[in-house]
Amino acid sequence: MLPWSILLWLVSAVSGFSATSDNMEIYRSRMHQSLKSLSGKVTLSPEIDIIEPTDPTALLLQTSAVRKLSDQIRTAAKANAVWLSGTASEIRTFCEEQEEARGNFPAPLPIIYSGNDQDKWQKLAEYGVCAVMISCKVTTVNDLKSTELKKQSEEALALGLQPIPEIILEASTASTWRDEHFIESLVSDITLIIGQEPACLVLKVEENDDTGGEEETTLPPVPKSLSKQLPILGSISVMAGGNRMGAATKLLKEEGYTGGILRKACLPSPFAKDLDLVGRFWSSCIEDLKSTKSKSFQFLTRNYMDKSMPVEWAKYQKSVIDSGALGNPEDNISINSDNGDYQGF
């Protein structure tokens, strides 16, 4: 008969494993619900790198700034999830603020760690982070076997974290993956490697240096049946302005992706260190990208009334524009991106 100390240890170990397993299923379910839209709309989630300030005063206010940012992303931006990196204490503060919203609307957002410090994983699992992103750069599907995906996925699962593979392709490779079976094979191979179907899959296409960013990005198409099965997200890394983010979001929708991660590269560089600006930027950005209002609505109508004040006012405005008093509308307007000038998202 086993001593009581060993029996208690076995019971504790089994209970701990059961709790970890239950948490993983809960996290998996929450991510599925958040990253897949029942209406078929593209889900949008920002990637945020919380930069620790060097100014002593700002450092004292950092906790309240992180809490405010967390609230903005959930209530104002209405994001579907958050891909977060930063110090362990800052991520903990973000998680705590989200958890305080449990039972309210909007509900807490799933938090996925997008940093590369694997030493933080255990603490992050305790704080309430749902998953970790594991980046794998490949040229062919077979390249997955030579990456760290299996090892890192096993370590994540042991801690109760869902592993989310980020498959990185060169643009030249992505342009050859035009058959839907490439993504199907990718998901099948990932499932075999990590021992379960991934809770989510991220695909990132890196532009070739010799294109100068002028060529349109080609994305591998996602089969409709597969996108219904699990969230498959594209990566949007274009700088905000000139409707570039809007065009990238539209492309994801056309190619069958469930949603998109709005990478930190989209954020104007002067904003990055100010968490209030970060929150306001993503709130405006996601609200605009999710808006169902047409961005190019035009119409023509005739009014047969003898006199119409709106029509007369419109005629007056047109005469002022035609006179050249406001300048030539066809002249190029200088947009100074470095100083925060942007033309749409």
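1. Basis. The model is predicted: local features need pLDDT of at least 70, side-chain atom pairs count only at pLDDT 80 or more, and totals for chains, interfaces and linings use all residues. Residues are numbered from 1 along each chain as its sequence is written, and side-chain values use heavy atoms, with hydrogens and water left out.

2. Overall make-up. The chain has 12 helices and 8 strands. Helices (H or I, at least four residues) and strands (E, at least two) are DSSP runs, numbered from the N terminus. Of the 345 residues, 41% are buried. Buried means under 20% relative accessible area, exposed over 50%, and partly exposed in between (1.4 Å probe, protein chains only).

3. Contacts along the chain. Contact means heavy atoms within 4.5 Å. Take the contacts with a separation of 6 or more: 78% of them join residues 24 or more positions apart.

4. Helix H11, geometry. H11 covers residues 275–290. Its 16 residues should span 22 Å at 1.5 Å a residue, and the end C-alpha atoms are 22 Å apart, which agrees. The expected span is 1.5 Å times one less than the number of residues. Asp 274 caps the N-terminal end: a side-chain oxygen lies 3.0 Å from the backbone nitrogen of Asp 276. For polar contacts the rule is a pair of N or O atoms within 3.5 Å; within protein, one must be able to donate a hydrogen and the other to accept it, and residues adjacent in sequence count only if both atoms are side-chain atoms.

5. Buried residues of H11 include Leu 275, Val 278, Phe 281, Trp 282, Cys 285, Ile 286 and Leu 289. Gly 279 and Ser 283 are buried too. Their cover includes strands E1 (43–49) and E8 (259–262), along with helices H3 (62–76) and H10 (244–254).

6. Aromatic pairs. The whole structure holds 3 aromatic pairs. Rings of Phe, Tyr and Trp (its six-membered ring) pair if their centres lie within 6.5 Å; planes under 30 degrees apart count as stacked, over 60 as edge-to-face and the rest as tilted. Phe 271 and Phe 281 pair edge-to-face, at 6.1 Å centre to centre and 75° between the planes. Phe 271 sits in the loop between E8 and H11, 10 residues from Phe 281 in helix H11. Both Phe 271 and Phe 281 are buried. Phe 281 also pairs with Trp 282: the centres are 5.0 Å apart and the planes are at 75°, so this pair is edge-to-face. Phe 271, Phe 281 and Trp 282 form one aromatic cluster.

7. Cysteines. A disulfide needs two cysteine sulfur atoms within 2.5 Å. The count by this rule is 0 disulfides. Cys 266 is in none either; its nearest cysteine sulfur, in Cys 285, is 6.9 Å away. Cys 95 is buried at 5% relative accessible area, and Cys 266 is buried at 0%.

8. Ser 227. This residue lies in helix H9 (residues 224–229). Ser 227 is buried, with a relative accessible area of 15%. A polar atom of its side chain lies 2.9 Å from the backbone oxygen of Lys 224. Beyond its neighbours within four places in sequence, Ser 227 contacts Lys 36, Val 222, Gly 256 and Thr 258.

9. Arg 178. Where does Arg 178 lie? Arg 178 is in the loop between helix H7 (171–174) and helix H8 (181–194). Arg 178 is partly exposed, at 39% relative accessible area. Its side chain reaches the backbone oxygen of Leu 219 at 2.3 Å. The C-alpha atoms of Arg 178 and Pro 220 are separated by 5.3 Å, across 42 residues of chain. Neighbours within four places aside, the contacts of Arg 178 are Thr 218, Leu 219, Pro 220, Pro 221 and Glu 255.

10. Pro 165. Strand E5 (residues 162–170) holds Pro 165. Pro 165 counts as buried at 1% relative accessibility. Not counting residues up to four places away in sequence, Pro 165 touches Ile 134, Leu 149, Ile 190, Pro 198, Cys 200, Leu 201 and Val 202.
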